[in-house]
Amino acid sequence: MKTQLVFHQKVTNEKGGTVEVKIWELPQTSKDKPHGYRYSLVYILNGTRIIGYDNGERKGDHRHYGNREEPYRFISIERLFEDFYRDIRRCSR
């Protein structure tokens, strides 16, 4: 099995913010991706990343709030979506 894109969606909301989500299933797990997924979820407003969740660059699971980066505890794809969209709702108030 090769790395396979299993989900991709890009949407612009009524406030002009863009949400883009990409999820790939990996052929095998690795130290920085023990769950077998590579992902990138980002919320961009006025050309600036407001929120981002990803596990690229061999950093393991982490999230971005503006310029701040912190570790993220991956539990499941479903929980990843819940956490990401909850953060978007919080910052959109």
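Leaving aside neighbours within four places in sequence, D87 is in contact with I51, Y53, R63 and Y65 in this predicted model. Two of these residues, Y53 and Y65, also meet D87 through polar contacts between side chains. The contact that joins the side chains of D87 and Y53 spans 2.4 Å, and the one between the side chains of D87 and Y65 spans 2.7 Å. D87 itself belongs to helix α1, which covers residues 77–91. With a relative accessible area of 5%, D87 counts as buried, because the cut-off for a buried residue is under 20%.

A further residue of helix α1 is I77. The relative accessible area of I77 is 17%, which is under 20%, and therefore I77 is also classed as buried. When residues up to four places away in sequence are not counted, I77 touches I23 and Y37. I77 and H8 lie 69 residues apart along the chain, and a distance of 13 Å separates their C-alpha atoms.

Attention now turns from the helix to the sheet. Six strands form an open sheet in the order β1-β2-β3-β4-β5-β6, and their pairing is antiparallel. From one strand to the next, the twist averages 10 degrees.

The sheet may be followed from β1 onward. Eight bridges pair β1 with β2 in the antiparallel sense, and within this pairing K10 stands opposite E20 in β2. The two strands form a hairpin with five residues between them, and in the turn G16 has a positive phi of about 90 degrees.

Strand β2, comprising residues 18–25, is mostly covered, since six of its eight residues are buried. Strands β2 and β3 run antiparallel and are joined by eight bridges; here T18 stands opposite I44 in β3.

The next pairing links strand β3 (residues 37–45) to strand β4 (residues 48–54), again in the antiparallel sense, over six bridges. In this pairing, S40 stands opposite D54 in β4.

Technical notes: Residues are numbered from 1 along each chain as its sequence is written. This is a predicted model: local features need pLDDT of at least 70, side-chain atom pairs count only at pLDDT 80 or more; totals for chains, interfaces and linings use all residues. Side-chain values use heavy atoms; hydrogens and water are left out. Helices (H or I, at least four residues) and strands (E, at least two) are DSSP runs, numbered from the N terminus. Buried means under 20% relative accessible area, exposed over 50%, partly exposed in between (1.4 Å probe, protein chains only). A polar contact is a pair of N or O atoms within 3.5 Å; within protein, one must be able to donate a hydrogen and the other to accept it, and residues adjacent in sequence count only if both atoms are side-chain atoms. Contact means heavy atoms within 4.5 Å. Two strands pair if DSSP finds at least two bridges between them. Axes are lines fitted to C-alpha atoms, for helices over the stretch in contact, and angles run from 0 to 180 degrees between N-to-C directions.
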